[in-house]
Amino acid sequence: MSKAIVIRQGLVIDGTRAEPFRADVAIENGKIIDIGNDISTGNAETVDAKGKFIAPGFIDIKTHSDWTLPLMPQGESKIRQGVTTEVIGHCGYSCAPALPGKVEDLAEYLSPSAPWLSFKETGFADYLNFYPALSVNTIHLVGHNTLRLMTMGMEDRPPTSAELRHMILLLQEALAAGALGMSTGLFTAPGSFSETEELVALGRVLEAEGGRYFTHLRNEGNSVFDAIQETMEFSEQVGVHVQIVHMKLSGLDNWGGASKAMDLFSQARAMGTAIDCDIYPYTAASNPLRNLMPSWLQEGGIEGTLAKLSNVDTRARLRREIDQDGLNNFGRIPSWDAVRISISPNLPHFAGRTIASLAEERNIDQFEMALNFIVEDHGQTRVLVESISENDVRDFVKDPNVMIGSDGNSVAPVGTTGQGRPHPRFYGTFAKVLGHYCRDLGLLSFQDAIYKMTGASAKALGLKDRGVLKKGFKADITIFDPDKIAEKATYEDPHQFATGVEAVFVNGVKTLHGDQHTGALSGQTLRRQSDFL
Ligand SMILES: [Zn+2]
C-alpha cells in the first residue's frame, strides 16, 4: 500500500479532447482514485498544481529506446518531457530474439543504431522477463528485420516455406511472451527484400493472436504513395490495426503531400480500415548513412557492402541510381550539406559535420565522400538528413488524429548515452509540440495536442487503462506549466533537457519533481495479455 497523493488545484486535460477543467486528482496504490473539487486530503501528501495543467503521462508511441534504456534506465530525456510510456522495437529492429550463433550478426546489424549496447543470446520471453527496471513503462514490438535476419540473414530473395514457418514461429513466441505486435522496416535491408505476400502471411499470425502491425513504409520519398498503397492492400487482407510510423514526405519532389496522405487515411478509416499514423515535429530525419543508398548495397551484410564499395563500377552505378531516383527512402536533397554526421562510433570527432563540409576539406566529390565515410566508419555511421518540409510538419501537427511519437531514444547529457549529436527529437518532441506549435504559434489547442500524445495513442494501441485521466485508471500523470514548456535541444547542441514539466508520476510513483529526477524505477513491462483491451 502506498500513501495517497492529492494533486491540488490544477487544470485537468484528461486526454479525451475535452475542455480543461479545474480539479484535484487523487492517486493511491498506482491508480487514480478520484478526480473532483476539494478532495479531502486527510493524511495524503499534497502536490500543488495551481496554474499548471494535469495531463495523462505522455505515450511515446514511436521510439527506439530499446537501444538506450538498458544503459540508462531513468529514461531521462523522456521523463523530463512528461513521457511515461514508450513503445519500442520499431521499424523492423528489435533486440530479440537473438538466436544461437546469430548474436554477432544482430549486433553488427544494429551497430549504427545501438553502438554501445551489448547483445546476448535470448528468446523473446526471456528478453521481456529479464528486462531491466526502468522509470518508464515499455510496450515491446518484435521486428520483422530481426526475424528475417535470424532466419535467412541478409539474403535478397523470398523465404522458402520452411523459412517462412520459422519466422511465423518466432513471431508467435514473441506474441505469446507479451509483445504487442510486429514492426516492419521495409525501407531497408533485409525487410526491403520481402514482398507483400510474406508480410500478409505474418500479418495473419497477428490477426489470429490479436497482435498489431506497425510499419516504417517501404518508401517515404519519391514512391511514398505507392508505399501507402501497399499498406492499404495489407490492411484489406489482414484485419489488424495498422500504424504507419513517423509519417513523412521526404525529398524536395514530395513536399506538400501531407494533406493528400491525411485524406487517404480518413477515407480508409471511413471505410472501416483501422489505420493510424504518427509524426515527429522536425524537418530532419535520422538513419544509418548506409541506408541512404539503394538497399542492394547491403546484400551480404557489412562485408558485402564494403566489397561492393571497393569497386569503381559499383560506385558509378550507385551514383547513377541516386541521380535518377534520389536517396533511398529520402528522395532528392538539395545537396550533401543536408546530411550531417550524428553518431560515428569509429570516428566520433566528425559528429556534427556535414558530408559536404568533409568533402570540401578533403577536396573530393561529395558523393564519393559519403561512400568513403561508410567505408571508414565500417558502415556504423548514423546521420541526420534535412529532407522534410516545415509546412507538411505543421499540417500533420494540426490534425488531431495524427499522433505524436519522437522516433527518438531515451538519453541523458552525461554517461554512455550522452555521446555524439543525436537528433534533438530525443529531448524535445513533446515539449516542442506543446510550447512551439501549441502555445507560441497557436496551431492547435492544448487539449487537442495532449490528445495526440495520450488518448489517441492509447486507443491506437488498445491500452486498457492508460492514456486518459479517469478514476480507476493507472496513475501515469504529467504536470506541466503551459507558460514554460519548451524544447531546448538543437541540432548543434542536442543534449539539453526540455523545460516546463514540473512533476511526473509513473504508476503512482513520483519520478520527476521540480527539476529533480527522483531515481524511481516504477515503470512496468506492459504485456498484450494483461495491459491491453
Ligand atoms: Zn523508422
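In this predicted model, the contact between H11 and H12 is built from Ile 355, Ala 356, Leu 358, Ala 359 and Arg 362 on the H11 side, which meet Gln 366, Met 369, Ala 370, Phe 373 and Glu 376 on the H12 side. By residue type, that contact splits into seven nonpolar, one polar and two charged.

As for geometry, two packed helices are described by the angle between their axes and the distance between the axes. Here the angle is about 100 degrees and the axes sit 9 Å apart. Since anything from 65 to 115 degrees counts as roughly perpendicular, H11 and H12 are therefore roughly perpendicular to each other.

Now for H11 on its own. Its buried residues are Ile 355, Ala 356, Leu 358 and Ala 359. They cover an arc of only 165 degrees around the axis, so they lie on the same side of H11. On the face turned away from the buried side, H11 carries the exposed residues Glu 360 and Glu 361. Just after H11 comes Asn 363, with a positive phi of about 55 degrees.

Zooming out, the chain is divided into these domains:

| Domain | Residues |
|---|---|
| domain 1 | 5-56 + 471-531 |
| domain 2 | 58-283 + 399-410 + 445-461 |
| domain 3 | 288-386 |

Taken over C-alpha atoms, the centres of domain 1 and domain 3 are 43 Å apart.

Definitions and conventions
Residues are numbered from 1 along each chain as its sequence is written. This is a predicted model: local features need pLDDT of at least 70, side-chain atom pairs count only at pLDDT 80 or more; totals for chains, interfaces and linings use all residues. Side-chain values use heavy atoms; hydrogens and water are left out. Axes are lines fitted to C-alpha atoms, for helices over the stretch in contact, and angles run from 0 to 180 degrees between N-to-C directions. Helices (H or I, at least four residues) and strands (E, at least two) are DSSP runs, numbered from the N terminus. Angles under 35 degrees count as roughly parallel, over 145 as roughly antiparallel, 65 to 115 as roughly perpendicular and the rest as oblique. Contact means heavy atoms within 4.5 Å. Ala, Val, Leu, Ile, Met, Phe, Trp, Tyr, Cys and Pro count as nonpolar, Asp, Glu, Lys and Arg as charged, and the others, Gly among them, as polar. Buried means under 20% relative accessible area, exposed over 50%, partly exposed in between (1.4 Å probe, protein chains only). The arc is that of the directions from the helix axis to the C-beta atoms. Domain bounds come from an automatic or database domain assignment.
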